[in-house]
Amino acid sequence: MKKVAFYTLGCKLNFAESSSIARSLEPMGFVRAEFQDNPDLFVINTCSVTEQADKKCKKVVREAKKINPSAAVVIIGCYAQLKPEEIAAIPGVDLVLGANEKFKLPELIPPYLDRQIADLPKLIASEIRYDLDYHASYSVNDRTRTFLKVQDGCDYPCSYCTIPLARGQSRSDTIEKVLGLIEEIASNGVKEIVLTGVNIGDFGIQQGKRVETFFDLVKAIEAKSTIERFRISSIEPNLLTPELIEFLGKSKRFVPHFHIPLQSGSNSVLRLMKRRYQRELYQDRVSLIRSVMPDACIGVDVIVGHPGETPELFLETYQFLNELDISYLHVFPYSERANTYAVDILPKVDGMQKSERSKMLHILSDKKRRYFYESQLNKTGFVLFEESSENGLMEGFSENYVRLAVPYDPLLINTIQPVRYKTIMDSGDVKGEVLLVSR
């Protein structure tokens, strides 16, 4: 048996694709191993949203060659598509595969394993404009929840983003095929699926034409799936329609948890970012969610330090978020990426200012999460428990994304149990009590 280890950077979509590519290697005799297990093949699935993700790729390559100098090292993912020559020049990299080619790893990798052929190409990547194929992917055995990819690519030219350059045009699976994958996943005993994609609300484009919608997919899953819980990974506010929110509020399968990218609370900065909404629409969506699902968890993505974001405009974002009834923030300092519109926008924001703004929003996020958790105390939620444990406690997430800890019990692993929210621990998580009911 040969061993392959994956190191995945970035989004849930990358985790789904890494898992699917790993399974495609099994007919060749590969078993998936940990990074430290002296594998024969390392596959590094990269992200290129920030400069830090680029630097991490180089560091992981160095660590891989320390573990097994004779192993083959393959780089895939967004960074591989955007900067293939740069990656191919990293010492220790054997093969770089573009967005089209990464799913062909089983047929491409054999010569790199036995190294019997001289002058093997280090780079196999076609131009992204030809990347119109859709490759279904989902994770399994990586975490308690499964990430199921239902959409790929993006047609939104946001000023700061390289994802359309790395993944191509928006395209999707069919509803029929998604339902088939869900039943395949269900056979593995999975209790929760997270639907993921680059722009998931744009689901339904096949061969360049819209034939279905995300709302169609949600209604089909609600009616036909046998899996108990579904979570939407992230959805653009302009695609989170009132009709969809009302439906989700009555759903028996979709949980009351939303992650909605905002990026800025200033309309001036939103225009610079080429976003497709203004903050008033975002506020309306949050208000509607709260009216339909009072206990829903609402997470927000925010970018600080985008070119043109003056101190006054940042304060608009801070005040907007401070007054918004949300549950937590994901904060990203702006990172300049080549071939994006934002490169030419002035004035630039220096690193110190970005760091200060990021710190302010992280503190605000902690306060928002604490307030949300306190609002849930003495209520009951249904928690999907994970396998890991620490200090005699095991943890899991409720339907509305409260992280709960209870005394460790192996019988609870990968089960959904009713839990009373009791107290907030020093860690910030909620300590709960499992009720004497099973599900």
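**Notes on salt bridges and cores**

1. In this predicted model, a network of salt bridges links Arg145, Glu192, Arg229, Arg231, Glu386, Glu395, Arg403 and Asp429. The structure holds 24 salt bridges.

2. Asp429 counts as buried because its relative accessible area is 15%. Arg403 is also buried, at 19% relative accessibility, where the cut-off for buried is under 20%.

3. Glu309 and Arg357 form a salt bridge at 2.8 Å, N to O. Here too distant parts of the chain are linked, 48 residues apart: Glu309 sits in the loop between strand 16 (297-304) and helix 13 (311-323), Arg357 in helix 14 (residues 351-376). Both Glu309 and Arg357 are buried.

4. The salt bridge between Lys58 and Glu86 has an N to O distance of 3.9 Å. It connects helix 2 (residues 51-67), which holds Lys58, with helix 4 (residues 84-88), which holds Glu86; the two residues are 28 apart. Lys58 is partly exposed, at 31% relative accessibility, and Glu86 is partly exposed at 34%.

5. The largest nonpolar core has 55 residues, and Leu148, Leu195, Phe214 and Leu361 have the most contacts inside it. Beyond its neighbours within four places in sequence, Phe214 touches Leu195, Ile200, Gly201, Phe203, Ile232, Ile235 and Leu244. A second, separate core has 20 residues, including Phe35, Ile44, Cys47 and Tyr79.

Key. Residues numbered from 1 in each chain as written. Predicted model: local features only at pLDDT ≥ 70, side-chain atom pairs only at ≥ 80, totals over all residues. Heavy atoms only, no water. Core = buried A, V, L, I, M, F, W, Y, C linked by side-chain atoms within 4.5 Å. Buried < 20%, exposed > 50% of the residue type's maximum accessible area, 1.4 Å probe, protein only. Contact = heavy atoms within 4.5 Å. Salt bridge = Lys/Arg side-chain N within 4 Å of Asp/Glu carboxyl O. Helix = DSSP H or I, 4+ residues; strand = E, 2+ residues; numbered from the N terminus.
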